[in-house]
Amino acid sequence: MIVKPDPKILIVDDDVDICRNLTDILTDLDYRVDSAHDGPSALELVRRTHYDIALLDLRMPGMNGLELYREIKKLRAGTVAVLVTAYASGATVEEARAAGAWQVVSKPVDLVTLLALVDEALGQPLILIVDDDRDLCANLWDLLRDRGYRVNLAHGVREASEKLADSSFKVVLIDLKMPDGNGAEVFRQVRGANPQARTIVITGHRPEMDGMVASVLAEGADAVCYKPFDVPRLLEALRSLARPGGELLESRPGAPPE
Amino acid sequence: MERALRFERYRELQAYVGWTPDDTRRVMAAGPRIEPHLTGLIDDFYEEIDRHPGARNVITGGREQVERLKGTLIGWLRELLAGTYDSAYVERRWRVGWRHVEIGLDQVYTNVALSRLRTGLCRALEQSWDRAGGDGELDETVRSLNKLLDLDLAIIEHAYRSEYMDRLQQTERLATLGQVAGGVAHELRNPLNVVRTSVFYLLNARNPIPEKTAEHLKRIERQVTVADGVISALSNFAKMPLPAFQPVQVSRLAHEALENEGLGDSVRVETDLPESLPPVLVDGDQVRIVFANLIRNARDAMPQGGSLTVIGRAADGCVEVDFADSGTGIPQEDLARVMEPLYSTKARGLGLGLAIARAILEKNNGSLKVASALGTGSTFTVRLTASSAKEAAT
């Protein structure tokens, strides 16, 4: 029996009082909460720990909330960002969403709305994509994020094992051929670290990879997708594994603050 | 401007150009001579407008409107020649300028259009003139007509400018209101955010312990004070008291401000404020606020520490004080705006510090200027009037 740890939330705001308040409220609801008052110290925390959700104040001295989110995304693409702002133009909201931030909420924060968003984010299936092709990862990130998945990325075998140790994933997509090892190793790590996770192996080199594909399928991999992807088929395979019997969810656009 | 004032202004301008009853008589006599030419003059006038997009574009009602405008113009010309230059006459001229702003007609078109009418009127006069008695009276009549047209143009221009400025100020007020809304929203919503989250905790916490409850109540109290401070800062800015002038040494004000701000160890402060500097005639309490704002800005521009140099010097009946920091500097595009109220490059704050500084200095017969280089630092220079110079002047 695996004990599922409480979700972790990161709060970043240069206002110490608001950090304390949100910590009190979220701790009282059994979330694990860390807070930081500026971008660099927030990034220190992010390097050490996976956070499910980051609540980021948009306007801070030095690094602002959006710049911070861009850095967080490079380290932990699976962290869902909610930006909090006192006054944002439509352009700011657009820019935030273009950068991949999930929601922009306005101050003073309505806690009922915020807690519902936290719930919703945690309900989004967490996916890990292991592929050394960064462009492909970025495309899949946009595609899957848009369909309501939280998407973490690993660009090699070693990074994959770090990410697997951090969080428990619903589905792991594994490229079979990577510079620092092969996907079969990653597949076996998934079986060890995240036994409940479903797996999709992806490969572009059919004849030479046939043996490896056959062996991971024999060991319990759930599906194979060949590059270039048939996107609808990949999405359907992912949906049936991540949300068995579930609806195809669309990510809700954030309401811009007035 | 009031109707009576507008008429008074016209009378003043009449005196300026040397308008006499003889001028009135000559223009009235010319009326019947010009009358047969008016229709031709007006047709030519509107044909010319049609050739200039900038003028044509303000006519949006097509043929029908042009016919109506021709009627108005012919009325205007007849009135011009009728010899009654009373307050009602001035009012109608004033309305022409006002109307041009409303429809967005560039004032240059009024000038060139009047030039065209002037040429047409003079030509009509020359053609209809009986030259048997010589050209002397014709020349006089043309001069009178020119004076009259110049007066009309002056009134129309005056009306145009005053209406234009009114509208510009209205637009600027709206823009300022937008700026105020943004600045105030940010500064008020942060404390409100803390208050609202504390209230949520107090109402909804599943396991509230008494210490936590007390902590949240204190936090609410504190943030209400912060919000109140924002309102106070705004209203203080809106109503700055008149300065109480006293001779005072700038070195004393600068040292007091430096001590009050407590810059800490990361900022190295150097001062060169010789006792030999003449005293300045200012409200010391107000100028100390200016110095404090400049010192705080210097500190904020040097988050990693640095140096602040305060140098005073006597200059031409004045004392100048430089506040030079070694901070981040101000980008060129922000430099012109940093003293505008509610303009801020900082994450926190209303953006009133420099605007207040400038407003205070203006009331204290001083001034503020800034020079800055990115990565090198900024120098703010306060210029104050020396006490002796001021006394000598009064």
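## The largest pocket

In this predicted model, the largest pocket holds about 1500 Å³ of space. Its lining is made up of 48 residues, and those nearest the centre are B:Asn297, B:Asp300, B:Ser344, B:Lys346 and B:Arg348. Two or more lining residues come from each of α9, α11 (284-300), α13 (353-363) and β7 (377-385) of chain B, with α11(B) giving the largest share, eight residues. By residue class, the lining of the largest pocket divides into 22 nonpolar, 15 polar and 11 charged residues.

## The second largest pocket

The second largest pocket contains about 960 Å³ of space and is lined by 32 residues, of which B:Phe45, B:Tyr46, B:Leu69, B:Val96 and B:His100 lie nearest its centre. At least two lining residues are supplied by each of α3 (38-50), α5 (62-82), α6 (87-103) and α7 (107-128) of chain B, and α5(B) contributes the most, with eight residues. The lining of this second largest pocket comprises 18 nonpolar, six polar and eight charged residues.

## The interface of chains B and A

Contact between the chains involves 29 residues of chain B and 27 residues of chain A, and together they bury about 2400 Å², 50% of it on carbon and sulfur atoms. Four salt bridges are found across this interface; B:Arg219 forms a salt bridge with A:Asp17, where the closest N and O atoms are 3.5 Å apart.

There are 17 residue pairs in polar contact between chain B and chain A. On the side of chain B that touches chain A, α8 (136-204) and α9 (210-238) each supply at least two residues, and α8(B) gives the most, with 16 residues. The residues of that side divide into eight nonpolar, 12 polar and nine charged.

Terms used: Residues are numbered from 1 along each chain as its sequence is written. Chains are lettered from A and ligands numbered from 1 in the order in which they are written. This is a predicted model: local features need pLDDT of at least 70, side-chain atom pairs count only at pLDDT 80 or more; totals for chains, interfaces and linings use all residues. Side-chain values use heavy atoms; hydrogens and water are left out. Contact means heavy atoms within 4.5 Å. Buried area is the accessible area (1.4 Å probe) that two parts lose on being put together, summed over both. A salt bridge is a side-chain nitrogen of Lys or Arg within 4 Å of a carboxyl oxygen of Asp or Glu. A polar contact is a pair of N or O atoms within 3.5 Å; within protein, one must be able to donate a hydrogen and the other to accept it, and residues adjacent in sequence count only if both atoms are side-chain atoms. Helices (H or I, at least four residues) and strands (E, at least two) are DSSP runs, numbered from the N terminus. Ala, Val, Leu, Ile, Met, Phe, Trp, Tyr, Cys and Pro count as nonpolar, Asp, Glu, Lys and Arg as charged, and the others, Gly among them, as polar. On a 1 Å grid over the protein atoms alone, a cavity is a set of points where a 1.4 Å probe fits but cannot get out, and a pocket is an open set with protein on both sides within 12 Å along at least five of seven lines; lining residues have an atom within 4 Å of a point. Grid points are joined across faces, edges and corners, and a volume is the space filled by probe spheres set on the points.
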